[in-house]
Every structure is written in structure tokens, then in C-alpha cells.
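Here is a friendly briefing on a few strands, helices and single residues. Have the model open beside you as you read.

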Amino acid sequence: MSQYNIEGVNYKGKAEIEVYEKLSHQIIKLCEGEGYTQISTPNFEDYELYRGNTKIDRDKMVKTIDSSGRILVLRPDATIPITKMAANREIDPEKILKYCYATTIFREYRSRNEKGRDFLQTGVEYFGDASAKCDAEIIALAITVVKELGFKTIQVDIGNVNYLEGLFDALDLRDEIKMRIRCLIESRNLGDLEFYLDEIEISDEYKQMLLAFPNLFGSYDRCMKEAEEYVLNDKMSEALERIREIYKYLADRDLHSYIKLDMAFTSNLNYYSGMVFNLYAGSAHTSVLSGGRYDHLSEQFGIKRPACGFGMNLNLVIDYIKEDQKDEVVHIALAKGRVAKETMKCFAACGIEFPEYSKESRKLLFLDKTEKIEVIFVKSPDVPVYVQSGAADLGVVGKDVLNEADYEAYELMNLNIGKCMMATAKIKGEEIDYNRKIIIGTKYPKTAKEYFDGLGVNTEIIKLNGSVELGPIVGLSDIIVDIVETGNTLRENGLEVGDKIMEIGSRLICNKVALKTKRDEIEDIIGLLEELRD
């Protein structure tokens, strides 16, 4: 029967169904008590409805074709169809509409215990009110809902997309350069951001400002004070004023202790037009609830109507609701072998001691003498998996592994461990005709394909797991793409280095939520490593 199994499709028994029904009913009743009306939208929507409205990969949406040949998609987002429904049902743009829902979203997600292709989402959408008070009501309701479910450890990060967009409006740069900088800021990839800014023509003032943005998050007072120093135009100023208004409303309701700011806010949806927020609860290493303001989405359906709302992944809530406590230990996943050994040397040089660690030990977990830092030895390809899932807060792994993996984590710094390069290699003296299809043997198919696609070269990639050098020798491939340190192995096998693709070194990566909830502890570790690197 295993041939019929589909990865990410999860079956639920009676007990599990009752838990989902109980919690979704509890949330809906709470929202109805606040004046929201429950609604439902169809499972299927027009595929074109999602063109340009989300960052969700349309190739990953679940599609089908109806009897007329029209492409349909199973609902990957709740806000867009609800906005369409509101526009179709009520033409008065100033009429207040408050909807709540519990519906299945057909989109991949990952929690600590499972990976799914769909999940139950509950949420609210508030139409017709453009005020900061409306924003604050949405955030307050989100906190109330999560508290009602039993969570006590709650943090809400608030940002405003117009603050970062205002910065880019002020930069006299080409769109593709702005896009690259935005990506590096959102991923908090400080090492590559600094390297990229050094390569382009930009003033020192703007460079220092852009380098500050990835760290522009934390307590309201500190973050707001720093954000004010970087205001360049009215858009940025108005974004901060809006946050002040929202914070005041929340403070009046005695909810400000839950609030932190993030001025480099990221989201997988691109219809947000102002305030955005993420809510973290318990020990979940991903946000269980997120939302924001989307004042222009309704215009797509012929009605100019402001709106704000949030959605909560109930599958994640159920997965983490029994673990409502903050883990005080910083867990660090290290790639076994040279990376782990060199990193442990760095820790020792920084004064971070692991009493039970030795090179000969076969243990995989070690606590430092303060019992506040734990290292975990795992295989290189598993480091991003541990960090993304929250099993580790930090990870140290080579850039080659990171470039091959689709992972969700922040890339904080280059540790300069295991420095080498990714390069092509061919039989010495042989000329390669790149006007024809080139066969490439490599352990790194994604990196190889991206590089040669960028050059416009037609390729066939053969994935190899070892002895890559044999590819050209036995005629399996024209060239290889591999890591090169000294080049001795290539020379001994009659090969020579061709084009350099990228520099390779070990990077410190961080779980996205851990960077927020364990910021002080993680920054202490980063500070020590930076001193050693300098």
C-alpha cells in the first residue's frame, strides 16, 4: 500500500478531529462576540486570481482544469477570495464589514512534528476602516485569541512595509539592485549584504544605513528611537507615526508588554500596504499567527476599500500548545567533521567551554559549563533542517550546503571556516564548446544549474554523490562542478580548474523566531565570534 502514500498528506482520527473542531469553534465564538460574522469561500478559485498578489510560488499551487478548460486552483490563501466576496456582496466602500472564518488552506507548511500540504486556518478580515485604531483592534483580538487557547508566552512583532519601501524610494538604484538588497535585508544576510554593497556604487551614508536595517528589531523604545534616525522621506515618517498610534491604543488596553518592533519585516504575501505583524507563542519556532493591512487589494475587484486582518495556522497551534514555555538554552547544530572541529576551537578561543567535549568522543550533544549553550553534531545537509524546524536555534554549515537547500533561516555571518571555492573543472588542455549542450557532473545540481542558466548555457546535470573527478575521465560528463581547496586532487587526475562560481566558507545561520525570542543570548554569541574573527 506504500505506493499510494503521498508525502505531506495527513490522516486524522476521531480524537484529533474533535480537538480541531473544539478549538476552531472556540475561536469562531470569540470572534463573533467581537462583532465578526462567520463566512466561507469555495475551495476552488480561478488560477489567475493569484497572479501578482502573493509571493507563493504558483507552480506549487494545487491546480486542476474544469470541463470548460479553465485552470482552477485549490485555495492557497484566505484573504484574497474573502476580499473578492466582500466586493461582490457590498458595493458601499465605507460600510464596515467584519468577517471571521475557519477554512482549509492548500499550502505547504512544516512544524516540529509534521509536514503538511494543507492546514486549517482561522482568522478575521475587517473591511471599511482605515484607522490605526482598527489595526490595534486586529492585533488585540489576535492576542486575545491566542491567550484564550491557553498560551501564556506570547510575543507580537509589528512593522510597517512602507518604512522599508520608503527607504528604497529614496535610493537612486536600478530595480534589480534594489530587489537584491531587499532580499538580503529580509534574510538578514549581513555578510553577503556588506559584500554586495561594496560592489555597487552607493554612498557610505546609505551603505551604513542599509547595513543597520537587518538588526532594526526589538523593544519598542530602542527600535523606534533608532528607526527615527534613518527617516529619509514622508513615507518613512508616516510609517513610524502609524506604529506610534497603534502602540498607544494597545498600551491603553494594557497589551504593550507583548509588543516588539521589526522594521525589516518579511512576509510570504505581497498585498500588504501598511502595518504588518507576526505573533509567536509558546515554544513554536515559527509564527502561529500573522496579519496586516491591505488597503489596495479590493481595488482589483472594483471597490476601493481599506482592510486589515489576520490568519492563524491551527495545525501549528495544536502542535505547540502543550509546550507553552520558553527554552532558555541556545541550541547550535554543527556540521560533523572539519566544520564542527574548527567551530569548537572558535568557541574555546571565545571562552565558551564544553567540559565533556573531546575530538575522540562519540557523543552528539554537549552542554557548555553554564548549561546555557548546547551543541549538536549532525550531518552537513541536516544543519539547515534542524535550524528551520527549531530543533536548533543556530547552525554552522558550509555555504555550499546552504545554496543547495530550500530552507527558511537567517544567514547571520561568515565565520571564515573552511574557506575554499566552488568551481568548474575539465580535462587539462581540453576545449569546451559552450554553444552546444554541456553535460555536467556534480554533487551540487542546484548551484551548477543556476550558474550556467545565468550564462545562457544549455546543460544536462548529472547528480553524483562521490568521486566527481571521474566524470570527464570516463566520458560521463564534459565538466564537473565541485568544491576546490588546493586543486591537488584535480591535478592528480589530469583535470584543471575552470571558472570560479563562488567563494565557500562556513556560515552562522539562525532560526527566524529564535533570533527574536532569544535575541540577547544569540547576540552575545555573535559578539564573541565577531571579536575572534576580527
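Let's start at a turn: in the hairpin of S16 and S17, which has five residues between the strands, Glu-371 takes a positive phi near 60°. This is a predicted model, in which local features need pLDDT of at least 70, side-chain atom pairs count only at pLDDT 80 or more, and totals for chains, interfaces and linings use all residues. Residues are numbered from 1 along each chain as its sequence is written, and side-chain values use heavy atoms, with hydrogens and water left out. Helices (H or I, at least four residues) and strands (E, at least two) are DSSP runs, numbered from the N terminus.

- Strand S17 covers residues 373-378 and is mostly covered, with six of its six residues buried; buried means under 20% relative accessible area, exposed over 50%, and partly exposed in between (1.4 Å probe, protein chains only).
- Ile-373, Val-375 and Phe-377 point one way from S17, while Glu-374, Ile-376 and Val-378 point the other way, and all are buried.
- Strand S15 (residues 330-335) pairs with S17 in the parallel sense over six bridges; two strands pair if DSSP finds at least two bridges between them.
- On the other pairing, strand S16 (residues 365-367) runs antiparallel to S17 and is joined to S17 by three bridges.
- Glu-374 in S17 has His-331 standing opposite, and Leu-367 also stands opposite Glu-374.

**A three-stranded sheet**

- As background, strands of a sheet pair through backbone hydrogen bonds, either parallel or antiparallel.
- Here, an open sheet of three strands has the order S2-S4-S3, with antiparallel pairing.
- Strand S2 (44-46) and strand S3 (63-65) stand at the edges with a single partner strand each, so one side of each is left without a neighbour in the sheet.
- Neighbouring strands of this sheet are turned by 40° against each other on average, direction ignored; axes are lines fitted to C-alpha atoms, for helices over the stretch in contact, and angles run from 0 to 180 degrees between N-to-C directions.
- S3 and strand S4 (residues 71-74) pair in the antiparallel sense over three bridges, and Ile-71 in S4 is the bridge partner of Ile-65.

**Helices H6 and H7**

- Helix H6 (residues 190-199) packs against helix H7 (residues 204-212) at an angle of about 165°, with their axes 10 Å apart.
- That makes H6 roughly antiparallel to H7; angles under 35 degrees count as roughly parallel, over 145 as roughly antiparallel, 65 to 115 as roughly perpendicular and the rest as oblique.
- H6 contributes Leu-190, Leu-193, Glu-194, Leu-197 and Asp-198 to the contact, and H7 contributes Lys-207, Leu-210 and Leu-211; contact means heavy atoms within 4.5 Å.
- The residues of this contact divide into five nonpolar, no polar and three charged, where Ala, Val, Leu, Ile, Met, Phe, Trp, Tyr, Cys and Pro count as nonpolar, Asp, Glu, Lys and Arg as charged, and the others, Gly among them, as polar.

**Two single residues**

- Ser-506 is found in strand S25 (residues 506-510) and is buried, with a relative accessible area of 1%.
- Leaving aside neighbours within four places in sequence, Ser-506 is in contact with residues including Val-339, Val-396, Gly-398, Met-413 and Ile-417.
- Arg-222 lies in helix H8 (residues 220-228) and is partly exposed, with a relative accessible area of 32%.
- With neighbours within four places in sequence again left aside, Arg-222 is in contact with Asn-215, Phe-217 and Arg-519.
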